[in-house]
Structures are given as C-alpha cells and as structure tokens.
Amino acid sequence: MLSGTGNARMLVRLAGSAIRQKAVCNCVAAYGTAVFRNLRCSDGVEPGRALLRNPAAPMVPLCKRTMFIQTQDTPNPHSLKFLPGVTVLDAGQTMDFPNVSSAQCSPLAKLLFRIEGVRSVFFGADFVTISKVEEAEWAIIKPETFAVIMDFFASGLPVVTGANPNNSTQINEDDDETVQMIKELLDTRIRPTVQEDGGDIIFMGFDDGVVKLKMQGSCSSCPSSIVTLKNGVQNMLQFYIPEVVSVEQVTDEVDKIAETEFSKLEKQIRQKDEQTNEKS
C-alpha cells in the first residue's frame with residue numbers, strides 16, 4: 001500500500017502524462033494553403049483534472065473531432081477562399097452577404113463579420129469566401145476566420161435560417177427561348193468556373209440584346225471582373241446565342257450602400273494609420 005507521499009507522487013505523474021496528451025490547435029500555412037487542426041476533449045474537462053478526481057479510471061480517447069480548413073487564392077488579392085471540408089450549402093447554391101445588415105439570416109456570416117477587416121462574406125456549396133478591406137492583413141484575418149468557421153460547424157447550428165440561396169438561373173415558365181438558353185449556359189458552363197474562383201455570376205435580365213449580370217463574392221471587387229465578363233462570358237454567350245449583343249455588369253442598391261460605407265471605413269483606417277505614424 002502506498003504512503004501519502006507515494007500516492008501524491010503517483011497522481012502528479014499521471015496528471016503530467018495526461019496533460020502532455022491534451023489536444024492542441026495547430027495552424028499550418030504553406031504556399032498559400034492553410035490547414036487548421038482542432039482536437040478537443042469530449043467532456044470538456046481537462047485530462048489532468050479528470051485523473052486527479054479518479055486516478056483509477058481507465059484511459060480512454062480524449063479527442064472528439066478533427067477539422068481541416070484549407071485556403072485557396074482567388075484572382076482577387078483581397079478575397080480568399082476557405083474550404084472547411086464539409087457542406088456549406090446544397091450543391092450549386094450560393095449566397096452573398098455584401099455587408100453585415102444582409103447577414104442577419106446567417107449565424108455564420110454574422111460571426112465572420114465580427115472579424116476586424118472583413119468586408120464581405122460569400123457562401124458556396126463547399127466553401128466560404130472572405131473579402132477584406134484593402135488595408136487589412138490576411139496574417140491577422142486568417143487565424144480568426146479559421147477559429148470562427150471551426151467552432152461554428154462544431155456547434156451544429158444551421159448556416160442559413162429563413163432565407164433562400166440564389167436561384168437566378170432557374171428556368172421559369174414565362175422565360176422565352178433566348179433567356180432559357182442564357183440561363184442554361186450560365187448554369188452549366190460559366191457559373192461553375194466562376195465559383196471555383198470563390199464567386200458567382202447572377203442573371204439580372206436580358207433586354208435589347210444586352211445580358212445584365214451581377215458579380216458576387218471574390219468577383220464583385222476583382223480588378224479583372226470586367227475582363228472576365230467581356231473576354232470570357234460575353235464571347236461564350238455570343239458564340240452559342242446570336243441574339244446576345246453584349247454583356248453588362250450591374251449593381252443593386254445594397255451594393256451601392258455597401259460600397260459607400262466601406263469607402264468611409266477605409267478612409268478612417270487610413271487616417272488612423274497616418275496619425276499613428278505621425279506619433280511614432
């Protein structure tokens with residue numbers, strides 16, 4: 001039988017061994033790809049404390065889950081695509097949140113907007129695109145985004161509540177033949193490619209040979225979006241549909257308000273940086 005001192009030493013050794021096995025978060029970034037690993041104890045109790053309470057308890061696996069989040073660059077230097085390895089929306093669906101007021105239907109989007117420097121949020125079937133203000137640094141935004149996405153999917157909450165994802169390319173009964181062909185081409189040939197770059201193209205209308213489209217996600221503020229529309233989308237639509245004369249990018253009132261507000265925010269950030277530099 002162990003003495004009081006011997007028993008105490010045994011408990012210390014057991015606790016030390018368990019603490020060394022405690023799961024930790026490990027974020028690895030290499031060549032533009034980041035992997036976020038999170039392992040947590042199943043009952044929320046620190047291993048050392050559990051063994052101190054009952055040193056005779058059998059050793060059981062303490063880690064409950066592992067999540068890997070990868071990032072992918074987009075043509076837009078201010079947008080980054082996060083792939084959590086789980087379903088975000090149903091296949092082919094997307095949702096755009098150009099500002100925090102538009103994110104009230106999504107618990108995940110609201111949490112992401114709390115991260116300083118996040119300008120807009122966009123959801124695809126298996127990815128989340130974050131667009132930042134110009135002055136913000138990815139080195140600061142990325143770790144916080146990893147943590148938010150990981151914790152959210154661990155919670156089991158729905159990504160979207162009380163709102164429907166984009167279905168602008170759904171063919172309706174009152175669509176004429178030309179509009180149906182435009183929507184089919186957008187849905188099968190163009191949107192999948194754009195979504196690979198972390199964005200989407202929304203059909204807004206067809207009038208007098210002009211196809212009106214709205215860019216979302218990484219494409220909405222991408223410097224090369226006009227080139228994409230003219231050299232890519234317009235050429236393809238004109239090749240298959242002679243009725244198409246040109247393609248134009250359009251914005252709605254929400255986009256204009258968001259652009260105005262973020263211009264103000266960027267100005268405030270620049271002024272703050274200038275004041276800090278003057279003081280130093």
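Mentor: The dialogue below treats helices, strands, aromatic rings, cysteines and the nonpolar core in turn.

Mentor: This is a predicted model, in which local features need pLDDT of at least 70, side-chain atom pairs count only at pLDDT 80 or more, and totals for chains, interfaces and linings use all residues. Residues are numbered from 1 along each chain as its sequence is written, and side-chain values use heavy atoms, with hydrogens and water left out.

Trainee: What span should helix H4 have at 1.5 Å a residue?

Mentor: Helices (H or I, at least four residues) and strands (E, at least two) are DSSP runs, numbered from the N terminus. The expected span of a helix is 1.5 Å times one less than its number of residues. Helix H4 covers residues 138-155, so its 18 residues should span 26 Å; the end C-alpha atoms are 25 Å apart, which agrees. After H4 comes Gly-156, with a positive phi near 80°.

Trainee: Which residues of H4 are buried?

Mentor: Buried means under 20% relative accessible area, exposed over 50%, and partly exposed in between (1.4 Å probe, protein chains only). An α-helix has 3.6 residues a turn, so residues three or four places apart point the same way. The buried residues in H4 include Trp-138, Ile-141, Lys-142, Thr-145, Phe-146, Val-148 and Ile-149.

Trainee: How many bridges join strand S8 to strand S9?

Mentor: Two strands pair if DSSP finds at least two bridges between them. Strands S8 (residues 199-207) and S9 (residues 210-217) run antiparallel and are joined by eight bridges. Ile-201 stands opposite Met-215 in S9. Two residues lie between the strands of this hairpin, where Asp-208 takes a positive phi near 50°.

Trainee: How many aromatic pairs are counted?

Mentor: Rings of Phe, Tyr and Trp (its six-membered ring) pair if their centres lie within 6.5 Å; planes under 30 degrees apart count as stacked, over 60 as edge-to-face and the rest as tilted. By this rule there are five aromatic pairs. One of them is edge-to-face because the rings of Phe-82 and Phe-146 have centres 5.8 Å apart and planes at 75°. This pair links distant parts of the chain, with Phe-82 in strand S4 (residues 79-83) and Phe-146 in helix H4, 64 residues apart. Phe-82 is buried at 0% relative accessibility, and Phe-146 is buried at 1%.

Mentor: Phe-239 and Tyr-240 also form an edge-to-face pair, 5.0 Å centre to centre with 85° between the planes. Here Phe-239 is exposed, at 65%, while Tyr-240 is partly exposed, at 38%.

Trainee: How many disulfides does the structure hold?

Mentor: A disulfide is a pair of cysteine sulfur atoms within 2.5 Å. The structure holds zero disulfides. Cys-105 is buried at 18% relative accessibility, as is Cys-219 at 10%.

Trainee: How many residues has the largest nonpolar core?

Mentor: A nonpolar core is a set of buried Ala, Val, Leu, Ile, Met, Phe, Trp, Tyr and Cys residues joined through side-chain atoms within 4.5 Å. The largest has 31 residues, and those with the most contacts inside it include Phe-97, Leu-108 and Val-121. Elements giving two or more residues to this core include S4, strand S5 (95-97), helix H3 (107-113) and H4. H4 gives the most, with seven residues.
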